[in-house]
Amino acid sequence: MGMSTTRRTEEEIQGFQATPELAASLQKVLVDLIELHLQGKQAHWNVVGTNFRDLHLQLDELVDFARVSSDTIAERMRALDAVPDGRSDTVVAGTTLPQFPAYEVSTHEAVDLIVSRIYATVDTIRKVHDAVDAEDPSTADILHELIDGLEKQAWLIKSENRKV
């Protein structure tokens, strides 16, 4: 048997590709996850007060989750032939998260600041979800995992301030 000389068409080797709308939706999620990672680290470095150590460590768990999640989204974009943009100026211009304070924050204040930013990130994911799901249910499954993970992080962190 000889080698096949049949060449594949461009469409046959391309696979599914993100539309500009899908790429834009994922880009919104990406910049919020990157910003959440950075703000979580800012809080981690500058938190002070009661239960410092516990919150300090919990913030690192959030930072790790946000960092891994941003990589997951960026790599999904690449798998769909979209180009992720995680440059600092792009993140600043596109994030929905408010700026984090540049000073020391009490554990109580840090909890509130970070939880509100987690929920802002979740809100971005929820806003793009239906459009993403309509175009690519596989990518929507990734978004579901991110929502679940972020909401768990919010619960773990906000429980620090909860009064019973």
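Helices here are DSSP runs of at least four residues, numbered from the N terminus. With that in hand, let's look at some close-up views of this predicted model.

**View 1. Glu-35 sits in helix α2.**
Is Glu-35 buried or exposed? Its relative accessible area is 14%, and because buried means under 20%, Glu-35 counts as buried. Leaving out residues up to four places away in sequence, Glu-35 touches Val-91, Thr-95 and Leu-97.

**View 2. Thr-121 is a buried residue of helix α5.**
Helix α5 covers residues 107-135, and Thr-121 has its place there. The relative accessible area of Thr-121 is 1%, so it falls under the 20% cut-off for buried residues. Which backbone atom lies 3.0 Å from a polar atom of the Thr-121 side chain? It is the backbone oxygen of Arg-117. If we set aside neighbours within four places in sequence, Thr-121 is in contact with Asp-32, Leu-33, Leu-36, Leu-97 and Leu-150.

**View 3. The largest nonpolar core has 44 residues.**
Three of these residues, Ile-73, Ile-118 and Leu-143, touch the most other members. Which elements give two or more residues to this core? They are α2 (20-46), α3 (52-79), α5 and α6 (137-158). The largest share comes from α5, with 11 residues. Now zoom in on Ile-73: not counting residues up to four places away in sequence, Ile-73 touches Leu-26, Val-29, Leu-30, Leu-33, Ile-142, Leu-143 and Leu-146.

**View 4. Helices α2 and α3 pack with their axes 8 Å apart.**
The angle between α2 and α3 is about 160 degrees. Angles over 145 degrees count as roughly antiparallel, so that is how α2 is placed relative to α3. The crossing in which α2 passes α3 is left-handed.

**View 5. Helices α3 and α6 have axes that come within 11 Å.**
Here the axes cross at roughly 170 degrees, which means that α3 is roughly antiparallel to α6. Who makes the contact? From α3, the residues include Leu-55, Leu-62, Phe-65, Thr-72 and Ile-73. From α6, they include Ser-138, Ile-142, Leu-143, Leu-146 and Leu-150.

Definitions and conventions. Residues numbered from 1 in each chain as written. Predicted model: local features only at pLDDT ≥ 70, side-chain atom pairs only at ≥ 80, totals over all residues. Heavy atoms only, no water. Buried < 20%, exposed > 50% of the residue type's maximum accessible area, 1.4 Å probe, protein only. Polar contact = N/O pair within 3.5 Å; in protein donor to acceptor, adjacent residues only side chain to side chain. Contact = heavy atoms within 4.5 Å. Core = buried A, V, L, I, M, F, W, Y, C linked by side-chain atoms within 4.5 Å. Axes fitted to C-alpha atoms, helices over the stretch in contact; angles between N-to-C directions. Parallel < 35°, antiparallel > 145°, perpendicular 65-115°, else oblique. Left-handed = near helix turned anticlockwise from the far one by under 90°.
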